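Visitor: I am new to reading protein models, and I would like to go through this one slowly. Could you show it to me first?

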Amino acid sequence: MDDCCSGKAEALEHLRARQSKVLKILLAANALMFVLEAGLGIVARSTALLGDSLDMLGDALVYAATLHVLGLGMRSKAKAVLLKGGMLAFFGILVLADAGQKIVTGAAPHAEIIGWVGLLALAVNVGCLLLLMRHRDQDINMKSAWVCSRNDIISNVAVIAAGFAVGYFHSPWPDTVVGIGIAGLFLASAVGIVKDGLQGLRQQAAQS
């Protein structure tokens, strides 16, 4: 019996170590991409890039929070998931505000910068998604991290399309529309993640 328990504890420790390594890689990649996309988004006057950069920042914070609660109980993990949902909602509102400002000012974004940065962000996020794939069903924390990474892929493809459309039509509207779409994705994901967190808290309360 002791050998069995010892084996389970060792397996759990190995699982946590693997999760920690993956999350540290994702944290570094998303933090770097946030700096790059935010800077170039300002240069390009792109709502879509700024939205995607906030997505990267949100993910970096998500992975940091996930690392913090590795090995902790369901209650701590559920609280971290609720925090992630709140972050996504906050960033969605920020992007909507920037889109509204662009609609008023009519500032034209730089199509080539949008396209190339979107391609780089897509490559980074595909790598992140592949790293998370095997861990997504291990607990709600890793599942929410996978959801964030999946959303990144959708956002990146939309950003690339916006860059092409801005250059083709010589209009700022594709960039603005994609920015609003990314904000909507943030808010929809926030709702789903918060539901998972609340469910985790309810399960913990029922077991207490």
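**A buried pair and its surroundings**

Guide: Asp98 has a relative accessible area of 16% and is therefore buried. Please keep in mind that this is a predicted model.

Visitor: Which residue's side chain meets that of Asp98 in a salt bridge?

Guide: The structure holds one salt bridge, and Asp98 takes part in it, with 3.3 Å from N to O.

Visitor: Is Lys102 buried or exposed?

Guide: The cut-off for calling a residue buried is a relative accessible area under 20%. Lys102 has a relative accessible area of 12%, and therefore Lys102 counts as buried.

Visitor: Which helix holds Thr176, a residue that touches Lys102?

Guide: Leaving aside residues up to four places away in sequence, Thr176 touches Ala99, Lys102 and Ile103. Thr176 has a relative accessibility of 4%, so Thr176 counts as buried. The helix that holds Thr176 runs over residues 173-207 and is H6.

Visitor: What is the volume of the largest cavity?

Guide: Rolling a probe the size of a water molecule over the atoms shows where empty space is left. In this structure there is one cavity of 30 Å³ or more. The volume of the largest cavity is about 30 Å³.

Visitor: Which helix gives the most to the lining of the largest cavity?

Guide: The lining of the largest cavity consists of Asp55, Asp59, Leu88, Cys148, Asn151, Asp152, Phe186 and Ser189. H2, H5 and H6 each supply at least two residues of that lining. With three residues, the helix that gives the most to the lining is H5.

Visitor: How many residues of the lining of the largest cavity are charged?

Guide: Asp counts as charged, and among the lining residues are Asp55, Asp59 and Asp152. Beside three nonpolar and two polar residues, the number of charged residues in the lining of the largest cavity is three.

Key
Residues numbered from 1 in each chain as written. Predicted model: local features only at pLDDT ≥ 70, side-chain atom pairs only at ≥ 80, totals over all residues. Heavy atoms only, no water. Helix = DSSP H or I, 4+ residues; strand = E, 2+ residues; numbered from the N terminus. Buried < 20%, exposed > 50% of the residue type's maximum accessible area, 1.4 Å probe, protein only. Contact = heavy atoms within 4.5 Å. Salt bridge = Lys/Arg side-chain N within 4 Å of Asp/Glu carboxyl O. 1 Å grid on protein atoms, 1.4 Å probe; cavity = no way out; pocket = protein on both sides within 12 Å on 5 of 7 lines; lining within 4 Å. Points joined across faces, edges and corners; volume = space filled by probe spheres on them.
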